[in-house]
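Hello,

Here is the structure we talked about handing over. Please have a look before you set anything up; my notes follow below.

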Amino acid sequence: MAAGTRDASDFVAGLPKCELHVHLEGTLEAAMADLLAERHGLPALGARPASFDGLADFLSRYYAAMAGLRTEQDFYDLAAAYLDVARRQGVTYAEMFFDPQAHTARGVPFEAVVRGLHRAQLDARASGGPDSALICCFLRDEPVESAAATLDASLEFKDWILGVGLDSDERGNPPVEFAPVFERARAAGYRLTMHCDPRQEGSVDHLWQCLEVVGVDRIDHGVECLADDRLVAELVRRRLGLTVCPLSNLRLYGDLMADAVSEMLRRDVLVTVNSDDPAYFGGYVADNFRAVADDAHLDRAALVRLARNGFEAAWLAPDRRAGYLQQVDDYAARV
Ligand code: ADE
Ligand code: ZN
């Protein structure tokens with residue numbers, strides 16, 4: 001039976017959740033963007049619209065707002081603020097993207113970015129969580145050589161970085177172009193994920209490239225898989241996680257795509273719910289769970305399944321995964 005809106009909302013609040021698709025730069029709230037601008041003597045950077053005219057429109061504003069992120073302390077403040085909100089939203093573990101090229105291109109050292117983020121992770125871990133890991137994303141609308149140089153720069157901090165991802169504008173920038181960089185990343189010990197955003201030209205093709213050419217360990221978004229039954233069957237066979245972001249879908253494409261989440265659950269796809277760029281899309285991870293529950297009339301069992309899927313799709317060692325899953329099951333049994 002579908003949970004009532006109030007009941008689902010309360011249930012979601014306490015449900016232990018895993019977040020696998022959040023861009024730390026996308027957690028830059030307008031107030032903090034303005035504060036950082038003031039810190040560095042820049043004009044105000046916080047203004048942002050309620051919705052966007054697709055991915056490219058969003059990305060241009062997203063990169064512009066980052067101008068105030070300059071020092072290690074700025075990156076510390078950014079990640080500390082996200083981890084604080086995430087804890088309050090019931091996140092117990094997060095794997096978080098960052099976009100080094102968006103900063104190194106402005107003269108910010110890679111080291112300042114990663115040291116600031118890492119310090120915030122340590123502080124959060126020591127003070128009530130959540131625990132977290134970093135995923136270094138390459139910008140697919142920058143040259144492959146720039147991704148390769150970013151991979152090289154990351155290696156000095158390999159112990160602090162769990163995986164690599166591919167984000168930014170997908171149009172004309174297919175996964176296959178980055179296959180050699182990702183092959184090298186895998187050899188260095190990183191886990192691999194790539195964005196396959198909704199409503200992109202060649203979406204299904206890009207998804208197949210992720211599977212067959214790159215051999216990713218997870219896919220970000222990926223809702224277009226439902227257009228190809230063979231692809232769905234392969235995702236299920238591999239138990240490959242898809243990190244779907246409902247409020248992002250709503251703000252970028254005018255559609256939560258909650259029915260797609262429902263259908264994936266029904267077809268046994270390892271679908272997870274995430275926030276993407278919460279400071280831009282109107283909600284953090286619990287808000288995304290609530291939006292889907294409401295729109296697709298999900299019952300408690302489906303919400304528990306979504307929470308479990310998050311930890312199943314995370315790049316966790318077996319004992320830690322089991323511990324997080326037990327917390328979900330204990331909550332479900334108790335509440
Ligand atoms: N970078 C930040 N958010 C993104 C998204 N939703 N898609 C692609 N690249 C991104
Ligand atoms: Zn994303």
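**The sheet**

Strand S4 (residues 163–167) pairs with strand S5 (residues 191–196) in the parallel sense, over two bridges. Val164 stands opposite Leu192 in S5. Keep in mind that this is a predicted model.

The pair belongs to an open sheet of eight strands, ordered S1-S2-S3-S4-S5-S6-S7-S8. The pairing is parallel. S1 and S8 are the edge strands, and each pairs on one side only. Neighbouring strands are turned by 25° against each other on average, direction ignored.

Helices pack on this sheet, including H9 (residues 203–214). Helix H9 touches S5 and strand S6 (218–221), and its direction makes about 165° with that of S5. Helix H14 (residues 285–296) packs on the sheet too. Helix H14 touches S1, strand S2 (91–98) and S8, with its direction at about 110° to that of S1.

His23 and Asp276 link distant parts of the chain, 253 residues apart. His23 sits in the loop between strand S1 (17–19) and helix H2 (30–39). Asp276 sits in the loop between strand S8 (270–273) and helix H13 (278–281). Both His23 and Asp276 are buried.

Best wishes

Terms used: Residues are numbered from 1 along each chain as its sequence is written. Chains are lettered from A and ligands numbered from 1 in the order in which they are written. This is a predicted model: local features need pLDDT of at least 70, side-chain atom pairs count only at pLDDT 80 or more; totals for chains, interfaces and linings use all residues. Side-chain values use heavy atoms; hydrogens and water are left out. Helices (H or I, at least four residues) and strands (E, at least two) are DSSP runs, numbered from the N terminus. Buried means under 20% relative accessible area, exposed over 50%, partly exposed in between (1.4 Å probe, protein chains only). Two strands pair if DSSP finds at least two bridges between them. Axes are lines fitted to C-alpha atoms, for helices over the stretch in contact, and angles run from 0 to 180 degrees between N-to-C directions. Contact means heavy atoms within 4.5 Å.
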